[in-house]
Amino acid sequence: MDMLNPERPYQICTRCIMDTTVPSIRFDEDGVCNFCEMHDIIAEQYPLDERGKKKLDVTVARIKKAGEGKKYDVICGCSGGRDSSWTMLVAVKKLGLRPLVVHFDNGWNSSIAVANIKNACDALDLDLVTYVADWDEFRDLQIAFLKASTPDVEVPTDVAIHAVMHKIAVEEGVKFIFNGHSFRTEGIAPKDWTYLDGRYIRDVQKLFGKFKLNHFHNFNLGDYFYYHFIKRIEVIPILNFFPYVKKDVDKIIEAELGWQNYGGHHHESTYTKFIQSYLLPRKFHVDKRRTENSAMIRSGYMTREEALEGVKELYPYDETLIGYVAEKFDMTEAEFREITDQPVKSFRDYKSYYPMIRMLGLPIKTAAQLGIIPRLLYLKFLG
Ligand SMILES: [Zn+2]
């Protein structure tokens, strides 16, 4: 079903397995989707050949130069998951950098995640800053997003991590932040599934929250300009420079960092596990395995048949998770279900920067063409 247009017939990309469960998906005349188009653009930016290697050398040289006379070269976020653990290892062992590790504790860490973070920092001899969210306020915001009834329930965590890493970068005089996202394995999150926007967070909390956001680190448009243009902080998706075969990476981080696997992608957080395995597929028809498997097809790590097989069954989930989440939210299971059973909405139903971004379409397109902002940002929001 297409949530924006129920009349739209079902269609699936002929190259990957993205389909009309993404309301704003577009297909070209060959039936290839816009996410494949975006993938090819990023692949061109991060080729796995001499050109990519040269670009990486230049980038690392810039990072080392900026770090001269300072304690750290780069900020690395760490969740205890595969991507961020691999990022830390790459930064230290492959690139010879001195990262400061930042962990945002939103109250939902699994015990494996906590052990993974500690073991990785010990093994690599890295300093760790843990930023603990104000639980009453953060929980209130998470409940507000459930009440808003959009698939963006994890946006408060994603935005807070981003904001906290920037804040610490400024405090430490560090100019670079590594994010552990790889387009080769994780793909590109459709905006209909994950819409990150500080104004959107403020509106949802105002409508459905009990508290004012006094402690939460939001990331508003003003913050973007401050960090990007005034403080000149760069966020680098460093894993894009490397091949990423998950089972090979697992072996390396298990051996070198004492890393333990916890099952599904991003299941290092119990809330994420609940959201990805239960709420998103069952309420919103959103299956994150679809973006991941699609990315793996495009990268040559999976066949299209394997990818389709991987999403054939509805995402399995652990029955006890609902009770666990309800209890952490201080609700009965019935109260919790009453909230999650509300009709599906989209970020478009709330105030956000989106209408303004659309209005500024042409200047944003020009800025993207000139390399002032990432071209992908343009394609993702306006393409
Ligand atoms: Zn596609």
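These notes go through the predicted model point by point, from its domains to single residues.

1. Basis. Residue numbers start from 1 along each chain, as its sequence is written. In this predicted model, local features need pLDDT of at least 70 and side-chain atom pairs count only at pLDDT 80 or more, while totals for chains, interfaces and linings use all residues.

2. Domains. The chain is assigned domain 1 (42-351) and domain 2 (353-383); such bounds come from an automatic or database domain assignment. The centres of the two domains, taken over C-alpha atoms, are 23 Å apart. Eight residues from domain 1 and five residues from domain 2 make the contact, where two residues are in contact if their C-beta atoms, placed from the backbone, lie within 7 Å. On the side of domain 1 that touches domain 2 there are four nonpolar, no polar and four charged residues. Here Ala, Val, Leu, Ile, Met, Phe, Trp, Tyr, Cys and Pro count as nonpolar, Asp, Glu, Lys and Arg as charged, and the others, Gly among them, as polar.

3. The sheet. Five strands form an open sheet in the order S3-S2-S1-S4-S5, with parallel pairing. Strands (E, at least two residues) and helices (H or I, at least four residues) are DSSP runs, numbered from the N terminus, and two strands pair if DSSP finds at least two bridges between them. Strand S3 (128-132) and strand S5 (234-236) are the edge strands, each pairing on one side only. On average, neighbouring strands of this sheet are turned by 25 degrees against each other, direction ignored. Strand S1 (residues 74-77) and strand S2 (residues 99-105) run parallel and are joined by four bridges; Val 74 stands opposite Pro 99 in S2.

4. Helices H5 and H7. Helix H5 (residues 135-148) packs on helix H7 (residues 198-208) at an angle of about 85 degrees, with the axes 9 Å apart. Axes are lines fitted to C-alpha atoms, for helices over the stretch in contact, and angles run from 0 to 180 degrees between N-to-C directions. H5 and H7 are therefore roughly perpendicular (65 to 115 degrees; under 35 is roughly parallel, over 145 roughly antiparallel, and the rest oblique). Leu 141, Ala 144, Phe 145, Lys 147 and Ala 148 in H5 meet Val 204, Gln 205 and Phe 208 in H7. By class, this contact has six nonpolar, one polar and one charged residues.

5. Helices H1 and H17. The axes of helix H1 (residues 34-45) and helix H17 (residues 375-382) cross at roughly 175 degrees and come within 10 Å, so H1 and H17 are roughly antiparallel to each other. In H1, Met 38, Ile 41 and Ile 42 meet Arg 375, Leu 376 and Leu 379 of H17. The residues of this contact divide into five nonpolar, no polar and one charged.

6. Helix H16. Which helix lies largely in the open? Helix H16 (residues 361-369) does, because the number buried among its nine residues is zero. A residue is buried if 20 or more other C-beta atoms lie within 10 Å of its own, exposed if 12 or fewer, and partly exposed in between, with C-beta atoms placed from the backbone. Gly 371, which follows H16, has a positive phi near 80 degrees.

7. Single residues. Asp 125 is not a glycine, although its phi is positive, about 55 degrees. Asp 125 sits in the loop between helix H4 (111-124) and S3 and is exposed, because 8 other C-beta atoms lie within 10 Å. Lys 167 lies in helix H6 (residues 155-172) and, with 17 C-beta neighbours inside 10 Å, counts as partly exposed.
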